[in-house]
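Trainee: I am new to this structure and would like to learn how to read its features. Please take me through them one at a time.

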Amino acid sequence: MNLEARKISFVQEFLRIDNEDIISALENFLRKNRTEVFEQNLKPMSIEKLNQEIDEALEDEMNNRLTSAKNLKQKIEKWT
């Protein structure tokens, strides 16, 4: 059975569950597992990449390509 078929089968089985404790346990498992997978895939930034990021940030500051927190907050408030 391929991954797509397994997902469909899992969702169908999940939809048959009528026990809130089982649903909560599955939610907790998914949340914990997603966090663990994310943490396993984290890789430290190299010194070269860090220095590049710093250089770019300094260049942005020198060329006035920054947005203040106050201006950003005002822009976000207009979104809603």
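Mentor: Start with helix length: the expected span of a helix is 1.5 Å times one less than its number of residues. Keep in mind that this is a predicted model.

Trainee: How many residues has helix H1, and what distance does helix H1 reach from its first C-alpha to its last?

Mentor: Helix H1 covers residues 3–16, which is 14 residues, and reaches 20 Å, close to the 20 Å expected.

Trainee: Which side chain meets that of glutamate 4 in a salt bridge?

Mentor: Side chains of opposite charge can pair when their charged atoms come close. Here the partner of glutamate 4 is lysine 7, at 3.3 Å from N to O. The two are 3 residues apart in helix H1, so about one helical turn separates them. Lysine 7 is partly exposed at 43% relative accessibility, and glutamate 4 is partly exposed at 47%.

Trainee: How many salt bridges does the count come to?

Mentor: The count is 6. Another of them joins arginine 16 and glutamate 13, at 2.8 Å from N to O. Arginine 16 is exposed, at 57% relative accessibility, whereas glutamate 13 is partly exposed, at 46%. Arginine 65 also forms a salt bridge with glutamate 59, with the closest N and O atoms 3.4 Å apart. Glu59, Asp60 and Arg65 are linked in a network of salt bridges.

Trainee: How many aromatic pairs does a search of the whole structure find?

Mentor: The search finds 1 aromatic pair. The rings belong to phenylalanine 10 and phenylalanine 14; their centres are 6.4 Å apart and their planes lie at 25°, so the pair is stacked. Planes under 30 degrees apart count as stacked. Phenylalanine 10 is partly exposed at 46% relative accessibility, and phenylalanine 14 is partly exposed at 31%.

Trainee: Which residues form a nonpolar patch on the surface?

Mentor: Met45, Ile47, Leu50, Ile54, Leu58 and Met62 do, with about 620 Å² of accessible area together. Methionine 45 sits in the loop between helix H2 (20–41) and helix H3 (47–62).

Trainee: What is the phi of asparagine 64 near?

Mentor: Phi is near 60° there, a positive value in a residue other than glycine. Asparagine 64 belongs to the loop between H3 and H4 and is exposed, with a relative accessible area of 71%.

Trainee: Where does lysine 78 lie?

Mentor: Lysine 78 lies in the segment after helix H4 (69–77). At 70% relative accessibility, lysine 78 is exposed.

Note on methods. Residues numbered from 1 in each chain as written. Predicted model: local features only at pLDDT ≥ 70, side-chain atom pairs only at ≥ 80, totals over all residues. Heavy atoms only, no water. Patch = residues over 30% accessible without salt bridge, like charges linked within 9 Å, V, L, I, M, F, W, Y side chains within 5 Å. Areas by Shrake-Rupley, 256 points an atom, 1.4 Å probe, with all protein chains shown as cover. Salt bridge = Lys/Arg side-chain N within 4 Å of Asp/Glu carboxyl O. Helix = DSSP H or I, 4+ residues; strand = E, 2+ residues; numbered from the N terminus. Phe/Tyr/Trp six-rings, centres within 6.5 Å; stacked < 30°, edge-to-face > 60°. Buried < 20%, exposed > 50% of the residue type's maximum accessible area, 1.4 Å probe, protein only.
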